[in-house]
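Subject: Structure for you to look at

Hello,

Here is the structure I said I would pass on. Please open it first and keep it beside you while you read the notes.

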Amino acid sequence: VQPEDGYNWMHDYHLHMRMVDYAKSIYPNVHITLHAGELAPGLVPPDGLRFHIREAVELGHAERIGHGVDLMFEKDPVSLLREMRDHHVAVEINLTSNDVILGVKGDQHPLPVYRKYGVPVSLSTDDEGVSRSQLTEEFVRAVLTYNLTYADLKEMVRNSIEYSFAPGASYWRGRKYGAVVAGCAAGKKTSGCREYLEKNEKARLEADLEERFAAFERLSK
């Protein structure tokens, strides 16, 4: 919860990740999300840009990271992108915050790169209470800056639940948003699907989101 370019966080980052690694060995079922890569050239020496995201993922066992801005300054960023994609490590993207705090925006921001390599991303305000922002602003900014389609936005919203730590299993099969789990393939109103949704909060939230998408799309025709 402190600036990542501060002395303690730069000097002891590796130690911090080792501490998280140790904690994970004791509590293997606890989910982990880490602040990683909220850095830009000029804030820290060049070497400080080369390892935070990778260590958060590989040593800190992060299932999600926040920011990930200095991605392309990491050592071997392409292999890191592929690793994040293959292990379903999501990135919370904070466009306005990254612009205001880091001065990183437009084609300097790694959002298009994450998307190109299939890393799951979602949009975030960073902190509405601090930045006095709201999520709609982030979606508008993403669309105007990166020409995102409605389908792109739907994927990001779906990611925000799929990669959350909501309890229970997913409504989706294979995290591709193309097919729902077998128990709900015949429809939400079947007894099997109702039972599945009752037991799995994440699936229930995702099924509700799909209903709201459908209602919005009917109104938009």
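The notes below go through a helix pair, a disulfide and a few loop residues.

Please keep in mind that this is a predicted model.

Helix pair

Two packed helices are described by the angle between their axes and the distance between the axes. The pair to look at is helix 5, residues 95-102, and helix 8, residues 135-146. Their axes come within 8 Å and cross at roughly 80°. An angle of 65 to 115 degrees counts as roughly perpendicular, and helix 5 and helix 8 are therefore described that way. Which residues make the contact? On the side of helix 5 they are L95, T96 and D99, and on the side of helix 8 they are E137, E138, R141, A142 and Y146. Sorted by type, the residues of this contact are 3 nonpolar, 1 polar and 4 charged.

Disulfide

How many disulfides does a search of the whole structure find? The search gives 1. The disulfide joins C184 to C193, with an S to S distance of 2.1 Å. Its torsion about the S-S bond is about 90°, so the disulfide is right-handed. Are the two cysteines buried or exposed? Buried means under 20% relative accessible area. C184 has 3% and is therefore buried, and C193, at 0%, is buried too.

Loop residues

N94 lies in the loop between strand 3 (90-93) and helix 5. With a relative accessibility of 3%, N94 counts as buried. The N94 side chain reaches the backbone oxygen of E92 at 3.2 Å. Leaving aside residues up to four places away in sequence, N94 touches H67, S124, T125, D126 and E138.

D126 has a positive phi of about 80°, although it is not a glycine. Its relative accessible area is 35%, which makes D126 partly exposed.

N147 also has a positive phi, of about 55°, and is not a glycine. Where is N147 found? N147 is in the loop between helix 8 and helix 9 (150-162). N147 has a relative accessible area of 66%, so it is exposed.

Regards

Definitions and conventions
Residues are numbered from 1 along each chain as its sequence is written. This is a predicted model: local features need pLDDT of at least 70, side-chain atom pairs count only at pLDDT 80 or more; totals for chains, interfaces and linings use all residues. Side-chain values use heavy atoms; hydrogens and water are left out. Axes are lines fitted to C-alpha atoms, for helices over the stretch in contact, and angles run from 0 to 180 degrees between N-to-C directions. Helices (H or I, at least four residues) and strands (E, at least two) are DSSP runs, numbered from the N terminus. Angles under 35 degrees count as roughly parallel, over 145 as roughly antiparallel, 65 to 115 as roughly perpendicular and the rest as oblique. Contact means heavy atoms within 4.5 Å. Ala, Val, Leu, Ile, Met, Phe, Trp, Tyr, Cys and Pro count as nonpolar, Asp, Glu, Lys and Arg as charged, and the others, Gly among them, as polar. A disulfide is a pair of cysteine sulfur atoms within 2.5 Å. Buried means under 20% relative accessible area, exposed over 50%, partly exposed in between (1.4 Å probe, protein chains only). A polar contact is a pair of N or O atoms within 3.5 Å; within protein, one must be able to donate a hydrogen and the other to accept it, and residues adjacent in sequence count only if both atoms are side-chain atoms.
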